[in-house]
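Here's a quick briefing to read with the model open beside you. Take a look at the structure, then work through the points topic by topic.

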Amino acid sequence: MNTSVSSASQIPSTPAHDSGRVPPGSLVVNPKWKRTELIKILQEKLPLIFEDGLGVVDFHPSGDVAVIYLPETDLVAGTAYRRKLVKLHKAGKMRGIILMERTPMTEQYLSDIQTFGVINLSLVLLFVASQTEAASLLIQMVNEQYKPHSNPFRVMRRGQSVDASVQATVQLIPKLGAVKANALLQRFGSIEAIARASLEELTEVVGKASANNIRTFFEFNTKPKR
């Protein structure tokens with residue numbers, strides 16, 4: 001079993017995990033996280049299953065949810081996280097979540113991850129300040145998965161829902177405030193749907209000027225980078 005952390009230049013293949021393989025109340029973990037503070041905390045609360053072959057995925061709180069954890073050390077090491085996020089996005093039926101360690105040193109990467117990971121790839125972005133917070137959030141995800149009518153994308157942390165994170169990302173669009181961002185999400189439901197909306201559809205919600213800004217923003221940020 002390979003328990004070493006992959007280097008930035010060696011990105012594993014696209015992750016895959018058969019739905020239903022995660023026992024209720026358990027967490028599937030990439031072996032690279034063994035002997036970390038994160039695992040010490042998780043082991044006190046959850047049964048952990050270490051599996052090889054998870055590719056870029058770090059954790060599976062259920063068979064159809066995949067989590068990539070971006071700690072401070074990985075972010076400051078370079079831009080390899082972009083390739084990881086692309087592979088997570090291509091993982092078929094997987095619902096992808098990014099756990100980003102948000103510290104003074106990683107603030108410089110926040111805008112890129114919001115634009116590239118959330119807007120371009122339609123992944124969910126959640127923030128943690130440390131491995132302790134990441135463990136707490138993963139435990140909540142596992143517990144939320146097996147509650148009746150639960151939705152792991154509405155895990156609450158310090159009063160902030162995933163919806164609030166998505167709304168904050170929509171507000172990256174120039175000249176678009178909280179009111180219009182909320183109106184867009186209520187109408188279209190997701191950032192991906194907003195990006196696909198026609199100019200006419202957007203105009204109905206936020207007016208022509210804002211609609212033009214939105215189309216310009218998405219056309220620029222979704223162009224292939226050379």
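To talk about how two helices pack, we use axes: lines fitted to C-alpha atoms, for helices over the stretch in contact, with angles running from 0 to 180 degrees between N-to-C directions. Helices (H or I, at least four residues) and strands (E, at least two) are DSSP runs, numbered from the N terminus. What you're looking at is a predicted model, where local features need pLDDT of at least 70 and side-chain atom pairs count only at pLDDT 80 or more, while totals for chains, interfaces and linings use all residues. Residues are numbered from 1 along each chain as its sequence is written, and side-chain values use heavy atoms, with hydrogens and water left out.

**The overall picture**

- The protein's secondary structure comes to 10 helices and six strands.
- Of the 226 residues in the protein, 48% are buried. Buried means under 20% relative accessible area, exposed means over 50%, and partly exposed is in between (1.4 Å probe, protein chains only).
- Contact means heavy atoms within 4.5 Å. Among contacts between residues at least 6 apart in sequence, 64% join residues at least 24 apart.

**The nonpolar cores**

- A nonpolar core is a set of buried Ala, Val, Leu, Ile, Met, Phe, Trp, Tyr and Cys residues joined through side-chain atoms within 4.5 Å. In soluble globular proteins, nonpolar side chains tend to be buried together.
- The largest core here has 43 residues, and I113, V170, L184, I194 and I214 have the most contacts inside it. Helix α4 (residues 107–120) gives the most to this core, with six residues.
- Another core lies apart from that one; it has 25 residues, among them V29, I39, L99 and V124.
- V170 sits in helix α6 (residues 162–170) and is buried, with a relative accessible area of 2%. Not counting residues up to four places away in sequence, V170 touches L176, A181, L184, L185, I191 and I194.
- If you set aside neighbours within four places in sequence, the contacts of L184 include V170, L176, G189, I194 and I214.

**Two helix pairs to compare**

- Helix α7 (residues 178–188) packs against helix α9 (residues 199–206) at an angle of about 125 degrees, with axes 9 Å apart. That makes α7 oblique to α9, because angles under 35 degrees count as roughly parallel, over 145 as roughly antiparallel, 65 to 115 as roughly perpendicular and the rest as oblique.
- The α7 and α9 crossing is right-handed. A crossing is right-handed if the near helix is turned clockwise from the far one by less than a right angle, and left-handed if anticlockwise.
- On the α7 side, the contact is made by K180, A183, L184, R187 and F188, and on the α9 side by E201, L202, E204, V205 and V206.
- By class, that contact has six nonpolar, no polar and four charged residues. Here Ala, Val, Leu, Ile, Met, Phe, Trp, Tyr, Cys and Pro count as nonpolar, Asp, Glu, Lys and Arg as charged, and the others, Gly among them, as polar.
- Helix α3 (residues 80–89) and α4 pack at about 25 degrees, with their axes 11 Å apart, so α3 is roughly parallel to α4.
- The crossing of α3 and α4 is right-handed. Y81, R82, L85 and V86 in α3 meet Y109, D112, I113, F116 and G117 in α4, a contact with six nonpolar, one polar and two charged residues.

- Most residues other than glycine have a negative phi.
- R35 isn't a glycine, yet it has a positive phi of about 65 degrees. You'll find R35 in the loop between β1 (27–29) and α1 (37–43), where R35 is exposed, with a relative accessible area of 69%.
- S122 has a positive phi too, near 60 degrees. S122 is in the loop between α4 and β6 (124–128) and is partly exposed at 30% relative accessible area.

**A buried serine**

- S210 lies in helix α10 (residues 208–221) and counts as buried, at 7% relative accessibility.
- Leaving aside neighbours within four places in sequence, S210 is in contact with K175, L176 and K180.
- S210 and I173 are 37 residues apart along the chain, and their C-alpha atoms are separated by 9.2 Å.
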